[in-house]
Amino acid sequence: MTLEIISKSNRSVSQLDLYLTCGERYRLRYIDGHNEPPAAWLFQGTEFHGVAEDWELNNRTESAEWMTSEYERRYLSAVENAKREWPELWKWQRAPKQRTEDDIVSRLERGQTQLRAYHDHALSSDWRILRDDRLPRGVGLEVAFELEFNEVILRGFIDQVRVQANGEITADDLKTGAKKPESPVQLAVYAAALREIYGLNVHRGSYYMAKDGKAGKLLNVSHPIEQLEAWFTMLNRGILAGVFLPKPGSHCTMCGMKPWCSYQKPELFFT
Ligand code: SF4
């Protein structure tokens with residue numbers, strides 16, 4: 001099949017992740033435009049990132065207590081906002097065999113534990129957030145990037161750009177979920193963006209798993225830009241060609257698209 005590329009498509013690492021996890025889930029979210037119900041873990045992740053970023057921006061001067069109380073305030077406010085839009089809590093995504101009310105409380109406590117661990121880990125480690133005028137805001141936090149390829153514009157934000165004790169600059173991502181990413185592609189994209197756009201010599205990166213509270217292993221992410229372009233071009237062509245194969249598995253248990261999934265409910269296929 002020949003595809004006529006009329007304009008470049010906007011793509012992201014999270015789109016690639018979702019597409020590889022399940023094509024049907026990608027279709028329901030990005031093509032059909034269904035909104036996944038809220039989940040306490042989403043607020044946990046967002047507010048953890050926000051508080052950790054502010055703490056780093058403030059040069060780590062605030063206490064662990066400040067982090068946990070700030071997190072509590074932001075998290076509960078996000079939950080209240082979501083309740084206004086989705087008042088029926090039983091419709092929320094949640095951990096299996098758990099009531100949403102209990103999930104909300106447990107994610108509040110988990111986020112606070114994770115922030116205390118991040119605080120202690122950062123202060124006892126010898127890496128620092130990079131301060132460099134080549135970066136937007138001059139600091140390696142939530143660094144925006146845009147890589148323009150032939151068919152695709154790849155956009156995103158890099159959680160952290162760090163300087164290790166030996167002066168090496170690394171691309172680092174904070175994860176608040178339980179599962180460690182199986183592939184370093186996300187870090188490879190970040191490293192390439194830091195090299196191509198900001199002229200920084202970055203070839204390694206890590207996933208910081210907040211549940212463990214310790215430095216992630218530094219991975220080699222020197223993937224050539226051409227390789228990344230090829231992968232995102234394939235993603236783009238699959239989407240434009242309407243290739244959305246369902247990929248059922250254990251992840252279906254936590255899938256917010258299940259109510260509309262034509263694999264789970266074949267009668268929906270023709271609707
Ligand atoms: S329920 Fe499973 S097969 Fe259906 S969209 Fe979700 S992940 Fe895919």
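Biologist: How many bridges join strand β1 (residues 9–11) to β4?

Modeller: This is a predicted model, in which local features need pLDDT of at least 70 and side-chain atom pairs count only at pLDDT 80 or more, while totals for chains, interfaces and linings use all residues. Residues are numbered from 1 along each chain as its sequence is written. Helices (H or I, at least four residues) and strands (E, at least two) are DSSP runs, numbered from the N terminus; two strands pair if DSSP finds at least two bridges between them. In this case β1 and β4 are joined by three bridges and run parallel. Within this pairing, R11 stands opposite L154 in β4.

Biologist: Which residue is the bridge partner of R128 in β4?

Modeller: The partner of R128 is V163. This belongs to the pairing of strand β2 (residues 128–129) with β4, where two bridges join strands that run antiparallel.

Biologist: How many residues does the hairpin that joins β3 to β4 pass through?

Modeller: The hairpin from β3 to β4 passes through three residues. Strand β3 (residues 141–148) and strand β4 (residues 152–163) run antiparallel and are joined by seven bridges. F145 of this pairing has G156 opposite it in β4.

Biologist: Which residue in the turn between β4 and β5 has a positive phi?

Modeller: That residue is G167, with a phi of about 95°, in a hairpin that has five residues between β4 and β5. Strand β5 (residues 169–175) pairs with β4 in the antiparallel sense over four bridges, and A171 in β5 is the bridge partner of V161. A171 also stands opposite G205 in β6. Strand β6 (residues 202–209) runs parallel to β5, and seven bridges join the two.

Biologist: At what angle do the axes of helix α1 and helix α7 cross?

Modeller: Two packed helices are described by the angle between their axes and the distance between the axes. Axes are lines fitted to C-alpha atoms, for helices over the stretch in contact, and angles run from 0 to 180 degrees between N-to-C directions. The axes of α1 (residues 13–21) and α7 (residues 225–240) cross at roughly 60° and come within 11 Å. The angle therefore makes α1 oblique to α7 (under 35 degrees is roughly parallel, over 145 roughly antiparallel, 65 to 115 roughly perpendicular, and the rest oblique). The crossing of α1 and α7 is left-handed (the near helix is turned anticlockwise from the far one by less than a right angle; if clockwise, the crossing is right-handed).

Biologist: Which residues in α1 meet residues in α7?

Modeller: Q15, L16 and Y19 in α1 meet F232, L235 and G238 in α7 (contact requires C-beta atoms, placed from the backbone, within 7 Å). The residues of this contact divide into four nonpolar, two polar and no charged (Ala, Val, Leu, Ile, Met, Phe, Trp, Tyr, Cys and Pro count as nonpolar, Asp, Glu, Lys and Arg as charged, and the others, Gly among them, as polar).

Biologist: Where do the axes of helices α3 and α4 stand in angle and distance?

Modeller: The axes of α3 (residues 40–57) and α4 (residues 64–85) cross at roughly 140° and come within 9 Å. The two helices are therefore oblique to each other. The crossing of α3 and α4 is right-handed. Among the residues that make the contact are F43 and W55 of α3 and Y71 and Y75 of α4. The contact of α3 with α4 divides into 10 nonpolar, three polar and three charged residues.

Biologist: Which residues come nearest to the ligand?

Modeller: Of the 14 residues around the ligand, the nearest are C22, R25, C252, C255 and C261 (a residue is near a molecule or strand if its C-beta atom, placed from the backbone, lies within 6 Å of it). The shell around the ligand holds eight nonpolar, two polar and four charged residues.

Note on methods: Two residues are in contact if their C-beta atoms, placed from the backbone, lie within 7 Å.
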